[in-house]
Amino acid sequence: MPPPVLQQKSASSLRWVILLAASLLMLSNYFVYDIPASLKDLLRQNMGLDKADFEPMYSLLYTVYSLPNIVLPFFGGIFVDKFGARICLIAFTLFLLAGQLFFALGGVYKSFPLMLLGRTIYGLGGENMSVAQSSLVAEWFRGKELAFAFGINLSCSRLGSVINNFVEPEVADAWGGANGALFFGVGVLCIGLLCGLVMAPVDKLVEQRLLASRPSSLPSSSSELEDPLLESMPSLAPFPLPSHLPSSLCGKARQQMKSFSAMFWTLALCCLAVYGTILPFNNIASSLLQERDYFRTPPPSCTLTNSSACQSPSNPPSPDCPSSSNFQPPLPDMIQVKDIDCSLEEWSGPGACTQVFCEGQKAGIRQSDRIMSIPYTISAVLSPFLGLAVDRFGRRAVVIALAPVVLIGVHLSLAYWRWLPPSVPLVGQGLAYSAFAAVLWPSVPFTVPEDRVGVAYGLTTAIQNGGLALFPLLAAAIYKAADSHYLPHVELLFVCLAIVGVFCGLLLNFLDARACQILNRPQPAGGGGGRGGEERPGAKSNKKREPLLHEVVEGVKVPISSSSSPIYV
C-alpha cells in the first residue's frame, strides 16, 4: 500500500498534467538526440569535408554520448536519491540544453571539438534526466495507471525521433542550412525545460499541501516522509544502490557480478548484439538509403552533353543517364560533389550551376528520413501492448532468438536486393526491435537473484552502451575502407552482429530449458525471478503476485511495489 501522500498524489487529476509535461520532455530529448542522423549530409557540407573524412567524425558524435553512459547507469540514481527528483530533473535538463547549445555553436564555428563537447554534455544529462522524470511519474501514478503512463511516455520518446526525421530537413531548408536546424533543436529543448519547470513546482506545491493537511502526529516534511517511503518502495532511483562512497559501491557490485549466472551473461550479449544491429544502423540510415535508393550515384557514362558547362535546357544529361529522379544529376567537370554545400544560396539558389543537384539531394534527404522513421514509428505504436502480450503468453527467450533472425533478413535485403523497396525490410526491423525490447529488459530480473537486480540492470545497460560507442566507429572504418560506400560491407557488419544475436538467443533457450523455462513460461511466479527467486515447477505459492508492469516499457527503469525487491520498467 503506498504511503498516504503518494496515494493522494496519484488520486489527483494533476497527475495528467505531470504525464503530459513528462512526455513532452522525453519527446524533446529524443528529438534532439537524433538530430545528427537526420542532418548528416548537411552537417558534412557545413564542415566542408568529403564523405570518407567526415564519417569517422560523425560516428564520434554518437560514441561520445554513449561513453559516459557506460558508467552512469550504476550511479545516476544516487543523485536522484540524494538531491531529489525535482532538482535533478531541472539540473539534467539544463545539461541537455547546454550540450545542444555547444553542439550548435560548434556547427556555426565549424569546430568539431566543440561539437563533440556538446554531445558529451548531452550524454551526461540524457540518461539521468530520464531517471528523474521517471521517478516523478512513478510517484504520481503509483497504484493508478502506471503501466499506461509509462507506455505513453515511451511512445512519446519514440515519436520524438520520428518527428525529428520529418521536421529537421524542412527546418534546415527554411532556416539556411544545418546551423539553423541545430539551433531549432535548442529551441525544442527550451520547451522541454519549460515542461520541467511545470512539473517541479506542481509536484512541490501538491506535496506541501498534502503534508500540511495531514494530522500533526504524522510526518510533516518530505524528509520525515522519506524513510517510510523507502520502506514501501525500495528506491525511486533506477537501481537500489546506497548513496555512500562509490568505492564501496563498486566493490559490492564487483562481488555480485562474479556470481551472475551464464543465463544473465548470455542475455547481456544478446542485448549487445541486437541493439548493435539496430541503433547504429539508424545513425547512418539516411545516408545509406540515399546511396541505395533515393540519391544514387549515376553510372560513369552519365555526363552532361557538354561536360565543361552547367546543366541547362541547352545542355541536358546524356542519353546514358538514368531517367529516374532517384539518381544524382551529372555535374560539370570543374565541380566535385565534396565541394558542394547545398545550404548556401550560391550552390542551391536560382541560376546556380548546382541548383538541380541540390534540389535532388534535398528531395533524397527528405524521402530517406521519412523511410528511416518506420522502425521507431512501429515501436511507438506497439510498445505499450507487446509487453503485456509477452507477459501473458511467455516465450521471452524464443522472441529474443527470433528477433535477430528477422534482422539478418532485413540487412541482407538492404545490402543485396535493391529491387525490394526499403520500406519492406524496415517494417521488419521495426517489428523485431519492438518485440526484442519488450522481452529483453523484463527478462533480466529472472536471471539473477532478487537482491542483485539493480546491479544486473546497470551492467546490462553499461554493456549496451559499450557496444553503442564501439559499433559506429567500426561502421565508419568499414565505410572508409570500402571507398566511401555503405553497401554491402557496412550492412554485412550488421548481419554479423545479428548472427551473433541468433547464437546467443539459441544458447539462452538452451539455458532456459535447463532452468525450468523461467523465461519462456507465461507469467513467471515471483517478483524478482532468477536463481534466487524462482519456484520449482508444480510447487504451490501462497504469495500474491503483482502484475509485471515492467514488461510494458523498454529502457525506463522504475520500481514497482514488491514485498521483496523492486522491479524495473
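Reader: Which residues does S155 touch, not counting residues up to four places away in sequence?

Author: S155 touches A380 and P384, where contact means heavy atoms within 4.5 Å. The model is a predicted one, in which local features need pLDDT of at least 70 and side-chain atom pairs count only at pLDDT 80 or more, while totals for chains, interfaces and linings use all residues. Residues are numbered from 1 along each chain as its sequence is written, and side-chain values use heavy atoms, with hydrogens and water left out.

Reader: Why is S155 called buried?

Author: The relative accessible area of S155 is 10%. Buried means under 20%, exposed over 50% and partly exposed in between (1.4 Å probe, protein chains only), so S155 counts as buried. Across the protein, buried residues make up 59% of the 569 residues.

Reader: What makes residues 146–174, where S155 is found, a helix?

Author: Helices are DSSP runs of H or I with at least four residues, strands are runs of E with at least two, and both are numbered from the N terminus. Residues 146–174 form helix α9. The protein has 21 helices and zero strands.

Reader: How does the reach of helix α20 compare with the expected value?

Author: The expected span is 1.5 Å times one less than the number of residues. Helix α20 (residues 489–514) has 26 residues and reaches 38 Å from its first C-alpha to its last, close to the expected 38 Å. Just after α20, C516 takes a positive phi of about 65°.

Reader: What makes a set of residues a nonpolar core, and which residues have the most contacts inside the largest one?

Author: Such a core is a set of buried Ala, Val, Leu, Ile, Met, Phe, Trp, Tyr and Cys residues joined through side-chain atoms within 4.5 Å. The largest has 83 residues, and L39 and L43 have the most contacts inside it. Helix α10 (residues 178–212) supplies the largest share of this core, 12 residues. A second, separate core has 46 residues, including L279, V455, Y457 and V502.

Reader: Why is F183 called partly exposed?

Author: F183, in helix α10, has a relative accessible area of 33%, so it is classed as partly exposed.

Reader: Which residues do salt bridges with shared partners join into one network?

Author: K362 and D173 form a salt bridge, their closest N and O atoms being 3.2 Å apart. K362 is in helix α15 and D173 in helix α9, 189 residues apart. Salt bridges that share partners join E170, D173, K362, R366 and R370.

How values were computed:
Salt bridge = Lys/Arg side-chain N within 4 Å of Asp/Glu carboxyl O.
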